[in-house]
Amino acid sequence: FFSFLFAVQSFAQDQVNQQMSEQQQHLFSLFFNEALKSRLKGDYQKSIQMYINCLKLNESSTVVPFEISKILSLESDIENANKFIDMALKNDDTNNKYFLDLAVSIKVSLRKYSEALSLIDKLIVLDPQDINTSIFASNICLEQKDYDAALSYINKIPYDPQYDNVILQNK
C-alpha cells in the first residue's frame, strides 16, 4: 500500500519538476501531500480542495484529476468523476492502465457504452493477454444486443491450450 502511495507521489513529482518554478513545485508538493493525507483520513472534501489547488498550479497534470475522479467515484458523484477522468485522459499521452480502468468503470456507470468500449479497446492493446477485459467488453455488447461485436471481443482472446483442459474439467 505504501509503495503505491510512493509511486503516485513520485509520478506527481515527475510532472511537477517538468513544468513549474521551484516555488510552485514546493506548493504543489505540499498540497498534494495534504490531499493524500486527507483522503486517507476520509476527509474527501478537504482532499478534493487540496487537489484543486494542485490543478491551479499545474493544469496539465494527469494524476491530480485522476485522484479527484477516484474520490468522486467513491462519493457516487459519477457525473463530476467523469469530468475529471476525461481531463486526466486528455492530458495523458501514455494510455495509463489505471486511468483507463477507472474511466471504463465511470463510463459504464453512466451508460456511455460506446465510450467505455473505445477505452476497453485501448486496454486490450496494452494487455492482449488479459481475457477479463475482452469478456467484460463482450458482456457490454451483449447487453446492447450487439452480438457481432460481442463475438468480436471473444475472438480477441488469445487461444491457450490450457482453456481446453478447464472446459473438459467443467463438463
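Begin the tour by selecting Glu 34, which is partly exposed, with a relative accessible area of 23%. Here buried means under 20% relative accessible area, exposed over 50%, and partly exposed in between (1.4 Å probe, protein chains only). The model is predicted: local features need pLDDT of at least 70, side-chain atom pairs count only at pLDDT 80 or more, and totals for chains, interfaces and linings use all residues. Residues are numbered from 1 along each chain as its sequence is written, and side-chain values use heavy atoms, with hydrogens and water left out.

Glu 34 and Lys 46 form a salt bridge, with their closest N and O atoms 3.0 Å apart; the term denotes a side-chain nitrogen of Lys or Arg within 4 Å of a carboxyl oxygen of Asp or Glu. Because Glu 34 belongs to helix 2 and Lys 46 to helix 3, the pair ties together parts 12 residues apart in sequence. Helices are DSSP runs (H or I, at least four residues), as strands are (E, at least two), numbered from the N terminus. Lys 46 is itself partly exposed, at a relative accessible area of 35%.

**Second stop: helix 3**

Select residues 44–57. The 14 residues of this helix should span 20 Å at 1.5 Å a residue, and its end C-alpha atoms are 20 Å apart, which agrees; the expected span is 1.5 Å times one less than the number of residues. Among the buried residues of helix 3 are Ile 48, Tyr 51 and Leu 55. Their cover includes helix 2 (22–41), helix 4 (63–74) and helix 5 (78–91).

Lys 107 is buried, with a relative accessible area of 1%. Which side chains does Lys 107 meet in a salt bridge? One is that of Asp 86, at 2.7 Å from N to O; this pair links helix 6 to helix 5, 21 residues apart. Another is that of Glu 115, at 3.0 Å.

Asp 92 sits in the loop between helix 5 and helix 6 (97–109). Asp 92 is buried yet has no salt bridge, and the nearest side chain of opposite charge, Lys 122, is 8.0 Å away. For this count, Lys and Arg are positive and Asp and Glu negative, while His and the chain ends are not counted. The side chain of Asp 92 does reach the backbone nitrogen of Asn 96 at 2.9 Å.

**Last stop: the whole chain**

Finally, display the entire protein. It contains 10 helices and zero strands, and 38% of its 171 residues count as buried.

Note on methods:
Contact = heavy atoms within 4.5 Å. Polar contact = N/O pair within 3.5 Å; in protein donor to acceptor, adjacent residues only side chain to side chain.
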